[in-house]
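Me: I've got a model open and I'd like to talk it through. Can you take my questions one at a time?

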Amino acid sequence: MTENTEFIFAILFQLTQLLLVVLAAPLLSGWVNQCQAWLQNRSGAGVLQPYRVLHKLFHKDAVIAYNASPLFRATPYIVFGCMWLAAAIIPIIAVDLPFSRAADVIALVGVFAVARVFISLAAMDIGTAFGSLGARREMLVSFLAEPALLMVLFTASMISHSTQLPTIVDTLAHHQFVIYPSLAFAALAFVIVLLAENARIPVDNPSTHLELTMIHEAMILEYSARHLALIEWASSLKLFAYISLGIALFTPHGIAEVGNWAGLPLAIGLLLLKLMLAGAGLALLETVSAKMRIFRAPEFLGTAFLLAVLGLLIHFLLGV
Amino acid sequence: MLGVVGLWVKDAARFIFPLSAAASLVLAVSSVLALSTAPETLVLPLGLPDLPFHLRLDPLSAFFLILLGAASAGISLFGTGYFRHLEDKTLRLLCLEYHLFLAGMALVMLADDAYLFMVAWEVMALSSYFLVTTDHAIPDIRKAGFLYLLIAHVGAIAILLSFGVMQGGHGIGAYTFDAMRNAELSSFWASAAFLLALFGFGAKAGVLPMHVWLPEAHPAAPSPVSALMSGVMLKTAIYGILRVTFDLLGTQLWWWGVLALGLGLATAIFGVMFAAVQADMKRLLAYSSIENIGLLLTGIGLTLIFHVYGKDTLAALALIATLYHSLNHAMFKSLLFVGTGSILHATGERNMGRLGGLMRKMPWAAWLVLVGVLAISGLPPLNGFVSEWLLLQAFLLSPGLPNDYINMLVPVAAAVVALAAALAAYVMVKFYGVIFLGQPREASLERAHDAGIWERIGMGWLALACVGLGLAPVFVVHQLDRVAQMLLGVQLGNAANNWVFLTPVDIERASYSPLFFLLAVLGVMLLTSLLVRRLYHGRVRRSAPWDCGFPAQTARMQDTAEGFGQPIRRIFEPFFKIEREVPSPFDMHPHYQGRSEDRLWYILYQPLQHLTEKLSAMAGLLQHGRIHLYLTYTFVTLVVLLLFV
């Protein structure tokens with residue numbers, strides 16, 4: 001295969017993944033909700049429920065406060081775009097994604113930060129009590145979660161001598177089932193960060209209806225119809241991105257390599273299995289734990305930060 | 001070249017600021033050209049008998065002149081509009097001081113001997129003191145100005161001593177920088193010179209124990225002056241540290257790097273923590289400047305460590321990250337400071353608790369300041385992210401240093417940098433959200449007007465610089481390579497052959513392309529909004545805010561500046577000295593007051609102040625105002641001297 005055709009295939013790969021993640025992300029959220037329902041002895045609304053909700057929301061008329069600024073109206077699109085991009089640059093099926101060259105892991109954290117800053121600003125835009133409360137809490141959670149996530153990613157990039165996601169995943173996938181001690185710590189930290197950043201129990205409750213305990217939901221109270229739909233979609237994309245990042249870092253085995261077309265079906269099958277397992281695990285975690293008070297959250301996230309730094313130190317000490 | 005900047009003093013102050021902006025621009029452009037040429041030197045027949053003024057334009061000074069020119073162009077344009085309402089006498093005085101300040105800074109960067117350097121340094125310090133105390137009728141401002149003057153001079157003494165150590169007692173001719181470059185210093189004296197320089201320049205930059213003047217002086221000065229001080233003057237200190245450490249001192253020791261790294265990290269965390277709890281918008285920005293200076297010092301420390309251990313490519317990377325961040329900080333911090341100037345003009349209010357909802361009243365200022373806010377928060381694809389990215393890359397590449405303890409220190413340092421960067425985003429969301437978003441907290445804000453045309457142009461220039469520096473990192477890094485070549489003798493090099501992707505070491509290792517990034521985000525956003533509109537509809541209905549159906553919503557229910565900072569105050573409680581006045585539950589007109597102060601002031605400065613007062617009281621005992629007593633003193637001194645000699 002010549003360079004050119006390879007590049008075209010890589011672009012095709014990238015576009016396929018772009019399309020795939022955006023369509024599949026609500027399915028993952030639906031699966032997590034369904035698992036939770038089963039664990040709580042409910043029958044649940046089915047894994048397709050998020051699609052129905054999105055469809056319903058897109059059909060409605062958007063209601064916006066009188067004093068909303070253009071920033072408020074642009075934010076759903078910015079957040080959605082960022083999350084879509086984030087989910088699209090994480091190698092999940094195959095490692096050759098051309099766009100990964102433009103944004104490495106640090107930029108990935110940056111993309112998450114862009115979305116977070118914009119949604120917090122939009123929450124403060126209307127000037128309601130709950131909105132600014134939510135923005136403050138979101139920033140509180142994230143200023144501890146973001147460095148922890150960076151440290152987790154640093155550990156992985158130290159091992160693979162690169163901050164490029166494809167290179168990291170490629171390196172990690174080729175050490176067959178060796179558990180890096182540093183990555184074990186990092187994995188623990190990553191789970192905590194995942195819970196916090198995706199507004200899951202024990203830090204936040206995605207299905208809460210009690211305003212005073214809300215974080216993420218408090219920020220989006222003023223959104224309705226298509227804006228709300230985009231934000232909900234972006235949330236499921238974010239969950240998808242985080243879970244696939246976890247899979248890419250900690251269990252990348254079986255991912256298809258550059259130009260390996262025969263390995264693709266197997267890679268897709270394995271990925272589906274991993275996603276289902278991770279979703280079920282998340283549901284289990286959420287079911288067995290209770291929500292914390294907001295000021296316990298910094299301690300919880302501080303633990304994640306320390307664990308991640310510990311992982312990095314262990315990498316330095318042991319050299320693996 | 002610089003003489004142009006300082007010359008116009010007389011009338012027609014109205015035209016002087018735009019002219020000076022143009023001159024700054026010329027300065028910046030000619031400095032860009034000077035980056036690629038060989039160092040030029042010039043000896044002026046002025047100064048001391050044996051020590052004429054030496055000037056030298058090499059890549060390091062050229063880079064800082066670019067910074068000065070580019071930032072002050074925007075600030076002067078803004079100043080044209082901002083100072084228009086001053087009365088003539090004040091305006092003329094201010095105009096003189098302003099341009100003396102600019103000329104002083106330019107001379108500091110061009111000076112090639114210790115004497116001219118100190119003269120320029122003093123011109124800069126004194127003119128900025130007078131600028132800070134422009135509104136000298138207010139006692140608090142006089143106090144802030146005095147504190148600034150005092151610390152500036154303690155610093156200046158240390159710098160002078162450092163030059164003294166470096167010239168090594170070889171007479172007055174040895175005060176040229178060339179002589180210092182060639183002087184052979186033992187490691188003890190080199191360390192002494194480094195420590196003195198670090199202290200002296202650190203006092204100017206606001207490094208940790210000497211930071212107290214910054215949050216006092218910045219809010220006191222008029223906004224364009226705060227912008228110049230924070231954006232450019234603090235960088236002269238960074239320039240000084242770089243000049244002394246890498247150019248004048250021939251040898252470096254590893255522990256200097258560790259010291260600078262530790263000091264930088266402490267300063268960064270301290271600054272951002274205090275920024276989070278401020279309610280005065282200019283104080284908040286001043287503390288944020290302390291944070292950024294901390295990050296710069298961290299970068300210098302890292303450069304030193306790599307350089308000493310012979311990892312020259314990495315040292316070049318860390319140095320370039322530091323320089324890039326200086327440039328970025330000059331742009332976005334100036335933008336934010338002049339932005340607060342517009343707000344002050346429009347509302348007369350510095351307290352964020354009395355602002356709010358200004359985005360609807362002053363859209364120009366709001367959108368331009370938003371660029372600065374996003375840039376300083378380190379968000380891609382703007383400029384703050386690039387320098388943060390480069391610095392983190394330098395940290396990530398660090399393993400393999402021969403000293404195990406430093407190897408372990410580096411990841412912890414990276415963690416602290418990440419924490420400071422994340423907290424900076426918190427601070428900036430607070431800054432922007434409380435001032436520009438939400439509902440106006442006071443009725444008087446309804447009369448606020450948008451920034452004037454000159455103010456818009458000035459802010460627009462700075463915002464454009466933020467975007468441009470963010471989108472063209474390859475070009476900038478390529479230019480900065482020349483400074484690295486001069487100071488460290490190496491350059492990254494391979495950045496040049498690929499203009500889209502920024503790849504500091506090699507493409508398998510790390511790459512970043514803000515242009516692709518921006519295009520992808522914009523593309524995805526446009527696609528989404530088109531699809532949503534095409535497939536469904538774009539109908540919008542306006543109504544009152546919902547707020548969970550809560551009917552009695554007022555502007556007072558929004559988060560205040562104090563409220564937004566409360567989590568930080570609570571988490572980092574031991575670092576603050578917190579005083580609270582809480583009203584009793586039966587109070588009909590409850591009054592709540594809370595203050596978070598700097599513990600260091602009480603631990604370090606108050607004892608010093610008491611000590612000084614005691615010493616001066618003791619010296620006062622000698623003074624009685626009677627002539628015969630003084631004659632006796634003279635006689636006793638004479639006798640004692642005769643006995644000894």
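Predicted model: local features only at pLDDT ≥ 70, side-chain atom pairs only at ≥ 80, totals over all residues.

Me: Is helix 3 of chain B largely enclosed or largely in the open?

Reply: Helix 3 covers residues 59-82 of chain B, and its end C-alpha atoms sit 34 Å apart, which agrees with the 34 Å that 24 residues should span at 1.5 Å a residue. A residue counts as buried if 20 or more other C-beta atoms lie within 10 Å of its own. In helix 3 of chain B, 24 of the 24 residues are buried, so the rest of the structure leaves it largely enclosed.

Me: And helix 23 of chain B, how many of its 18 residues are buried?

Reply: Helix 23 of chain B takes in residues 627-644 and reaches 26 Å from its first C-alpha to its last, close to the 26 Å expected. This helix lies largely in the open, because the number of its residues that are buried is zero.

Me: Which helix of chain B gives the most to the side that touches chain A?

Reply: Across the two chains, 66 residues of chain B are in contact with 68 residues of chain A. Several elements of chain B each supply at least two residues to that side, among them helix 16 (383-396), helix 20 (514-535) and strand 3 (540-543). The residues on this side of chain B divide into 43 nonpolar, 14 polar and nine charged. With 15 residues, the top contributor is helix 17 of chain B.

Me: Which residue of chain B stands opposite Ala65(A)?

Reply: Strand 1 (residues 62-65) of chain A and strand 3 of chain B run parallel and are joined by four bridges. Within strand 3 of chain B, the residue opposite Ala65(A) is Ser543(B).

Me: Which residues touch the most other members of the largest nonpolar core?

Reply: Helix 17 of chain B supplies the largest share of this core, 23 residues, and at least three come from each of domain 1 and domain 2 of chain B. Leaving aside neighbours within four places in sequence, Ala148(A) is in contact with residues including Ala189(A), Leu301(A) and Phe305(A). Out of 348 core residues, those touching the most other members are Ala148(A), Ala308(A) and Ile320(B).

Definitions and conventions. Residues numbered from 1 in each chain as written. Chains lettered and ligands numbered in written order. Expected span 1.5 Å × (residues − 1). Buried ≥ 20, exposed ≤ 12 C-beta atoms within 10 Å, placed from the backbone. Contact = placed C-beta atoms within 7 Å. Nonpolar A, V, L, I, M, F, W, Y, C, P; charged D, E, K, R; others polar. Pairing = 2+ DSSP bridges. Core = buried A, V, L, I, M, F, W, Y, C linked by C-beta atoms within 7 Å. Domains from an automatic or database assignment.
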